[in-house]
Amino acid sequence: MKKNIFLALDFNSPDKALEVTRQTKEYLAGIKIGLELYSVIGLKGVKEFEQFKLPIFLDTKIFDIPNQVAKTIKIISELKFIKYFTIHALGSLEMLQTAQKVVSETSLELLAVSILTSWDKKDLAQIGINNEVKEQVKLLINIACQAKLSGVIASAQDIVLARQISKTIKVFCPGIRSNQNNQDQKRTLTYKEFNTIADDKCFAVIGRPIYEGNALENIKTIINSAN
């Protein structure tokens with residue numbers, strides 16, 4: 001079975017997070033812990049998920065001056081149990097390069113957040129960016145590649161664009177839905193659509209479609225939908 005799903009534990013219950021992971025672990029490529037859960041459990045709580053022997057993706061999307069980013073990443077890189085950590089590509093090439101230098105001799109892999117899947121051209125314009133979304137995503141993926149980061153966070157709609165820039169960079173895709181219910185996302189694909197364009201360095205990041213309801217049955221249904 002091809003495993004390309006990272007379970008997004010985007011809620012605030014540690015017990016529920018552990019239980020949902022326990023139920024679905026055989027079908028997962030890894031788990032993602034975002035700001036909401038992290039705010040409750042902290043780094044000690046993140047370590048509890050080491051028991052599942054799955055890659056842990058800590059998604060706090062840091063964005064600060066290079067020195068502060070470097071010091072934060074040094075702490076994370078020394079923990080060993082976190083595999084992936086997110087950093088905003090909008091923070092500048094210098095920030096990304098400084099961050100990558102810290103992890104260059106560690107096992108921690110940095111992922112650059114491009115444009116959030118909840119954003120569209122209107123959102124970009126409101127902060128003074130006049131590019132089309134795909135133009136901005138392309139620019140930010142190029143910066144991530146230039147800084148030699150391991151991967152990027154981008155809409156599944158941008159996988160083809162990412163592969164035009166790099167054949168090897170990992171692409172983690174939030175906004176994957178089991179159907180056309182986008183909820184709070186604007187640039188989405190279904191898991192079946194994702195699989196038609198994804199290669200072995202692309203991962204679907206899926207949360208609510210799995211953990212809302214029967215998590216085990218939900219993930220089986222999602223996986224089967226791609227067949």
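User: Is Ser155 buried or exposed here?

Analyst: Ser155 counts as buried, because its relative accessibility is 0%, where buried means under 20% relative accessible area, exposed means over 50% and partly exposed is in between, with a 1.4 Å probe and protein chains only. This is a predicted model, in which local features need pLDDT of at least 70, side-chain atom pairs count only at pLDDT 80 or more, and totals for chains, interfaces and linings use all residues. Residues are numbered from 1 along each chain as its sequence is written, and side-chain values use heavy atoms, with hydrogens and water left out.

User: Where is Ser155 placed, and what lies 3.0 Å from a polar atom of its side chain?

Analyst: Ser155 sits in the loop between strand E6 (151-153) and helix H7 (159-165), these elements being DSSP runs numbered from the N terminus, with helices (H or I) of at least four residues and strands (E) of at least two. A polar atom of the Ser155 side chain lies 3.0 Å from the backbone nitrogen of Gln157.

User: Which residues is Lys134 in contact with?

Analyst: Leaving aside neighbours within four places in sequence, Lys134 is in contact with Gln157, Asp158 and Leu161, contact meaning heavy atoms within 4.5 Å. The side chains of Lys134 and Asp158 are joined by a polar contact of 2.7 Å, that is, a pair of N or O atoms within 3.5 Å, where within protein one must be able to donate a hydrogen and the other to accept it, and residues adjacent in sequence count only if both atoms are side-chain atoms.

User: And how accessible is Lys134?

Analyst: Lys134, which lies in helix H6, is partly exposed, with a relative accessible area of 42%. The C-alpha atoms of Lys134 and Ile115 are separated by 8.9 Å, although these residues are 19 residues apart along the chain.

User: On to packing, then: at what angle do H4 and H6 cross?

Analyst: The axes of H4 and helix H6 (residues 133-146) cross at roughly 35° and come within 9 Å; axes are lines fitted to C-alpha atoms, for helices over the stretch in contact, and angles run from 0 to 180 degrees between N-to-C directions. H4 passes H6 in a right-handed crossing, the term for a near helix turned clockwise from the far one by less than a right angle, left-handed being anticlockwise. Leu93, Leu96 and Gln97 of H4 make the contact with Ile143, Ala144 and Gln146 of H6.

User: How do H3 and H4 pack?

Analyst: Helix H3 (residues 66-77) and helix H4 (residues 93-103) pack at an angle of about 30°, with their axes 9 Å apart. That makes H3 roughly parallel to H4, since angles under 35 degrees count as roughly parallel, over 145 as roughly antiparallel, 65 to 115 as roughly perpendicular and the rest as oblique. The contact is made by Pro66, Val69, Ala70, Ile73, Lys74 and Ser77 of H3, together with Glu94, Met95, Thr98, Ala99, Val102 and Val103 of H4. The residues of this contact of H3 with H4 divide into eight nonpolar, two polar and two charged, with Ala, Val, Leu, Ile, Met, Phe, Trp, Tyr, Cys and Pro counted as nonpolar, Asp, Glu, Lys and Arg as charged, and the others, Gly among them, as polar.

User: What about H1 and H10, how are they packed?

Analyst: H1 and helix H10 (residues 215-225) pack at an angle of about 50° with their axes 8 Å apart, and they are therefore oblique to each other. The crossing of H1 and H10 is right-handed, and its contact is made by Val20, Gln23 and Thr24 of H1 and Ala215, Leu216 and Ile219 of H10.

User: Last topic, backbone angles: what is phi of Lys148?

Analyst: Lys148 has a positive phi of about 65° although it is not a glycine, whereas most residues other than glycine have a negative phi. Lys148 is placed in the loop between H6 and E6 and counts as exposed at 64% relative accessibility. Phi of Lys61 is also positive, near 50°, and Lys61 is found in strand E3 (residues 56-62), where it is partly exposed with a relative accessible area of 27%.
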